[in-house]
Amino acid sequence: MPVKSNNIRALKILNRLKKEYPTVKTALIHETPFQLLIATILSAQCTDARVNIITKSLFKKYKKPQDYLDVSSKELEKDIFSAGFYKQKAKSIRGCCKVLIDKYHGKVPADFDELLLLPGVGRKTASVVSGNAFGVPAIAVDTHVKRLSNLMGFTKESDPEKIESDLKKIFPEKDWIKLSHWIISHGRKICVARKPKCHQCVVGDLCPSFNPALK
């Protein structure tokens, strides 16, 4: 399919998803950029629902970066155990908090590239925080975004950074932050990995995975 017509199709899909999910936002419960940063680090290979259960008590105990350094690694590991990969996540959180204190006076930087320099922060986490906490245009590529972007023909890439690049070429910058939320919402409700509900899909006729004529 020609690039131009493919982009038009992608924008039609976007408009339908906007109408289908009009009030999207990050599922991670937080009150501050710092809380969102910690929650997003914990969310790696863990459900948002599980993270929200953990952070409900975690954020009462740990209110600022120094609090994560004032306890032992073992204590923090115990507090985040159910998030999985708790040893690495505790190490990342403590390393991240140390840099925040040493370099940013305990504040989370809004700049995407500076966020990337923090321990435990990759492109997805940096995109989530810069976009949702500071309103900086960014596209977070998680497993849902990766899967649906390929199914809907937005990209043929498997590498998250390349997928992010392809999506930024197709969709308007003003939609970048919420794009992930629209796609994730659809992935959770309709385009489920194990058993997609294609016949209930509002964009089925525009999806090459359901409509072979588009391939």
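**View 1. Helices α2 and α8 have axes that come within 10 Å and cross at roughly 150 degrees.** Axes are lines fitted to C-alpha atoms over the stretch in contact, with angles from 0 to 180 degrees between N-to-C directions. Helices are DSSP runs (H or I, at least four residues) numbered from the N terminus. Pro33, Leu36, Leu37, Thr40 and Ile41 of α2 meet Thr125, Val128, Val129, Asn132, Ala133 and Phe134 of α8, contact meaning heavy atoms within 4.5 Å. The model is predicted, with local features needing pLDDT of at least 70 and side-chain atom pairs pLDDT 80 or more, while totals for chains, interfaces and linings use all residues. Residues are numbered from 1 along each chain as its sequence is written, and side-chain values use heavy atoms, without hydrogens and water.

**View 2. Helices α2 and α3 pack at an angle of about 140 degrees, their axes 10 Å apart.** This angle makes α2 oblique to α3. On the α2 side, the contact is made by Gln35, Ile38, Ala39 and Leu42, and on the α3 side by Val51, Ile54, Thr55, Leu58 and Phe59.

**View 3. Several helices supply residues to the lining of the largest pocket.** Among them are α2 (33–42), α3 (48–61) and α8 (123–134), each giving at least two lining residues.

Note on methods. Angles under 35 degrees count as roughly parallel, over 145 as roughly antiparallel, 65 to 115 as roughly perpendicular and the rest as oblique.
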